[in-house]
Amino acid sequence: MEYLDEVLRIFYVSNLQLLIFSISRKENLSRAVEHEANGNRRAAYECYQKAVDISPSVAYDLIQVLKKENVSYVVAPYEADAQMTYLALNNHVDAVITEDSDLIAFGCPRIIYKMDKFGQGVEFKSALLQYNKDLNLEGFTQMMLLEMCIFSGCDYLQSLPGMGLKKAHALMKKFKNHQNVIKHLKYNNIEFTPLYEESFRRAILTFRHQRVYDPVGEEIVHLSEPVDSTDEDLDFLGPYPFSLISYK
């Protein structure tokens, strides 16, 4: 199984405890279609490869090899992004390898982007965000960063028309939180769908409190514990209780 051998080689890159992959399949599929339409077959082929959906049988085969090679693994009960962030935040892994920018919004402390087969990539560290040159993030809290990401568009809420990352950054830098930004936009006659504000609130909760698996306690927990939503139905964060899938 050549693809398993390749994955295992990547797992042993550098001195990291464990490297975990997250692939934004929808994004890569969209890129592949675009490249193919433009006649760029090589780029299309690469993106189509990244857009492949991993079936349970493929996951099972990989897990058997990981067991044989004594490589630790975790099966995410819901979304891999939240699970990988949890492992990174709790020092179960040193970094996460991905092409998905949502991990920044989740608060993942160390990410490696654009890693090639030689182990070369671009490192992201959340602790160094204030030194970013492209966007001035000095004074930004993690919540401000998260709300900026949601405004610019994410998996849980589409961006408003004309709202890109730079505009979202400028608004958050000036108004500090999403409530003030929305008030400002409404004052300037920007129209919102009836459920936009509630969807925004839920997006925040999903990024901060999605349910994940704790490999130490061997139980389902929140990425971080909700404080102000104890009486709310939080099944959109991942229904609980959850029956763990066995790949033994």
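Modeller: In this predicted model, a helix is a DSSP run of H or I with at least four residues, and a strand is a run of E with at least two.

Biologist: How many helices and strands does the protein have?
Modeller: Elements are counted as DSSP runs, numbered from the N terminus. On that basis the secondary structure comes to 10 helices and 6 strands.

Biologist: What share of the residues is buried?
Modeller: Buried means under 20% relative accessible area. The protein has 248 residues, and the share that counts as buried is 39%.

Biologist: What share of the contacts with a separation of 6 or more joins residues 24 or more positions apart?
Modeller: A contact needs heavy atoms within 4.5 Å. Among contacts with a separation of 6 or more, residues 24 or more positions apart account for 53%.

Biologist: Are helix 2 and helix 3 roughly parallel or roughly antiparallel?
Modeller: The axes of helix 2 (residues 25–37) and helix 3 (residues 41–50) come within 8 Å and cross at roughly 160°. Angles over 145 degrees count as roughly antiparallel. Helix 2 is therefore placed against helix 3 as roughly antiparallel.

Biologist: How many nonpolar residues does the contact of helix 2 with helix 3 have?
Modeller: Helix 2 brings residues including Leu29, Ala32 and Val33, and these meet a helix 3 group that includes Ala43, Ala44 and Cys47. By class, the contact of helix 2 with helix 3 has 4 charged residues, 2 polar and, for nonpolar, 7.

Biologist: Which residues touch the most other members of the largest nonpolar core?
Modeller: Nonpolar side chains tend to be buried together in soluble globular proteins. The largest nonpolar core here has 46 residues, and those touching the most other members are Ile150, Phe151 and Tyr196.

Biologist: Which element gives the most to this core?
Modeller: The elements giving two or more residues to the core include strand 3 (110–113), helix 7 (142–151) and helix 10 (196–209). With 7 residues, the one that gives the most is helix 7.

Biologist: Is Lys176 buried or partly exposed?
Modeller: Most residues other than glycine have a negative phi. Lys176 has a positive phi, near 75°. Its place is the loop between helix 8 and helix 9. Because its relative accessibility is 47%, Lys176 counts as partly exposed.

Biologist: What is the relative accessible area of Asn189?
Modeller: Asn189 lies in the loop between helix 9 and helix 10. Asn189 has a positive phi of about 65° and is not a glycine. Exposed means over 50%. Asn189 is exposed, with a relative accessible area of 67%.

Definitions and conventions
Residues are numbered from 1 along each chain as its sequence is written. This is a predicted model: local features need pLDDT of at least 70, side-chain atom pairs count only at pLDDT 80 or more; totals for chains, interfaces and linings use all residues. Side-chain values use heavy atoms; hydrogens and water are left out. Axes are lines fitted to C-alpha atoms, for helices over the stretch in contact, and angles run from 0 to 180 degrees between N-to-C directions. Angles under 35 degrees count as roughly parallel, over 145 as roughly antiparallel, 65 to 115 as roughly perpendicular and the rest as oblique. Ala, Val, Leu, Ile, Met, Phe, Trp, Tyr, Cys and Pro count as nonpolar, Asp, Glu, Lys and Arg as charged, and the others, Gly among them, as polar. A nonpolar core is a set of buried Ala, Val, Leu, Ile, Met, Phe, Trp, Tyr and Cys residues joined through side-chain atoms within 4.5 Å. Buried means under 20% relative accessible area, exposed over 50%, partly exposed in between (1.4 Å probe, protein chains only).
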